[in-house]
Amino acid sequence: MSPIRYLLLAILLTPLVTHAALSKIELINGDTLTADVVAETDDTLKLNHPLLGVMVIPRARIKSLVSSTDTTPTPPPPEKKPEVKHVEADRGLFGTGLYTNWKRRLDLGFGGTAGKSSTNQLNVGFNADYESKQMRTAHKTAFFRAESDHELSSQSFFTSMNRDWLRPNSPWFQFAGGRFDLDEFKDWDYRANASSGFGYEFVNTDSWLFVGRSGLGFNRTFGGEQQDFTPEGMLGIETKWSMNQYQHVEFSNTYYPSLNDRDYRNLTSFDWILDLNSFVGVALKLGITNEYDSTVHDDTEPNDFKYTVSLAWKL
């Protein structure tokens with residue numbers, strides 16, 4: 001065979017050899033490429049396409065790869081599983097199992113003056129709130145003590161619990177609650193009251209809750225000069241507003257008219273909470289409370305006003 005024939009035969013066979021070395025790549029979007037695989041890594045595939053030239057394709061975009069020497073499609077690399085963050089389960093208050101999955105807070109405050117006269121005060125509080133699709137529960141406990149010139153001028157304690165039974169897809173709910181008070185500077189030594197009724201959610205968003213309540217109840221006083229049982233009505237409003245990620249405001253006002261006569265009680269509270277360190281759960285709390293009681297005797301002030309400045313810890 002002459003040299004010219006060898007040359008023509010080589011030219012004719014070159015496309016066949018080149019085509020035999022090509023591989024078929026199917027992409028996840030449905031496109032198919034036929035190109036020569038130049039290089040491979042764990043994450044990419046380098047191709048030499050007859051028309052498009054050199055290309056680098058991430059393996060994550062490849063659905064299958066069939067090489068010229070292998071008819072078995074190459075599966076794409078396995079997807080990376082998202083990292084699962086393990087959240088420590090709530091073990092309750094101080095690991096006791098009490099108030100599990102509740103929002104818990106401890107308040108502690110001191111104050112005083114020294115000089116011609118000396119005063120000091122101590123306030124301790126505990127708050128716990130729980131909410132689900134079926135109910136909303138709030139528990140509060142507080143102790144207040146004050147001295148003036150080393151003599152006790154005020155000492156009080158209360159604990160309360162309120163529960164709302166929520167209705168799916170309705171702003172209406174039922175509630176029941178009660179409170180127990182101890183105060184050494186009242187006409188009574190102990191007081192217990194309870195009430196129940198219906199409530200309405202005027203606003204309920206992720207940052208703002210505003211509800212109203214109306215119902216019937218009673219209060220019973222023990223000890224001291226006043227020992228009475230009084231049926232009473234109940235009309236109140238309550239709001240909780242998260243102003244931003246650092247500030248939270250709570251306000252409530254409840255009116256208790258006597259059903260026996262024209263006497264009444266009115267209880268108002270306001271709390272402003274400023275987060276100081278969200279990582280350790282420390283906040284600054286300013287609290288104001290006032291109770292007006294028209295049934296007190298002439299030598300007792302009808303308004304019982306208290307203000308506190310405390311540090312608050314999430315428990």
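Helices (H or I, at least four residues) and strands (E, at least two) are DSSP runs, numbered from the N terminus. With that scheme, histidine 150 sits in the loop between E8 and E9. This is a predicted model, so local features need pLDDT of at least 70 and side-chain atom pairs need 80 or more, while totals for chains, interfaces and linings use all residues. Residues are numbered from 1 along each chain as its sequence is written, and side-chain values use heavy atoms, with hydrogens and water left out.

Start with the nonpolar cores. A core here is a set of buried Ala, Val, Leu, Ile, Met, Phe, Trp, Tyr and Cys residues joined through side-chain atoms within 4.5 Å; buried means under 20% relative accessible area, exposed over 50%, and partly exposed in between (1.4 Å probe, protein chains only). The largest core has nine residues: Ile25, Leu27, Leu33, Ala35, Leu45, Leu47, Ile57, Ile62 and Leu65. Strands E1 (23-27), E2 (32-40), E3 (44-49) and E5 (62-66) each give two or more residues to this core. A second, separate core has seven residues, including Leu166, Phe175, Val211 and Tyr256. In soluble globular proteins, nonpolar side chains tend to be buried together.

Counting contacts as heavy atoms within 4.5 Å, and skipping residues up to four places away in sequence, leucine 33 touches Ser23, Lys24, Ile25, Leu47, His49, Met55 and Ile57.

Now try glutamine 174, in strand E10 (residues 172-183). Beyond four places in sequence, glutamine 174 touches Arg163, Asp164, Trp165, Arg167, Gly197 and Phe198. Its C-alpha atom is 8.8 Å from that of arginine 213, which is 39 residues away along the chain.

On to the rings. Rings of Phe, Tyr and Trp (its six-membered ring) pair if their centres lie within 6.5 Å; planes under 30 degrees apart count as stacked, over 60 as edge-to-face and the rest as tilted. That rule gives 11 aromatic pairs. In one of them, phenylalanine 202 and phenylalanine 210 have ring centres 5.3 Å apart and planes at 35 degrees, so the pair is tilted. Both belong to an aromatic cluster formed by Trp172, Tyr200, Phe202, Trp208 and Phe210.

Grid points are joined across faces, edges and corners, and a volume is the space filled by probe spheres set on the points. The second largest pocket has a volume of about 360 Å³. Of its 20 lining residues, Phe144, Ser154, Asp304, Phe305 and Lys306 are the closest to its centre. E17 supplies the largest share of this lining, seven residues.

There are also two cavities of 30 Å³ or more. Lining the second largest cavity are Arg105, Asn127, Asp129, Lys140, Lys240, Glu250 and Asp271.

Finally, the backbone. Most residues other than glycine have a negative phi, and most peptide bonds are trans. Histidine 150 has a positive phi of about 65 degrees, and this residue is exposed, with a relative accessible area of 68%. Asparagine 101, in the loop between E5 and E6, has a phi near 65 degrees, a positive value.

Technical notes: 1 Å grid on protein atoms, 1.4 Å probe; cavity = no way out; pocket = protein on both sides within 12 Å on 5 of 7 lines; lining within 4 Å.
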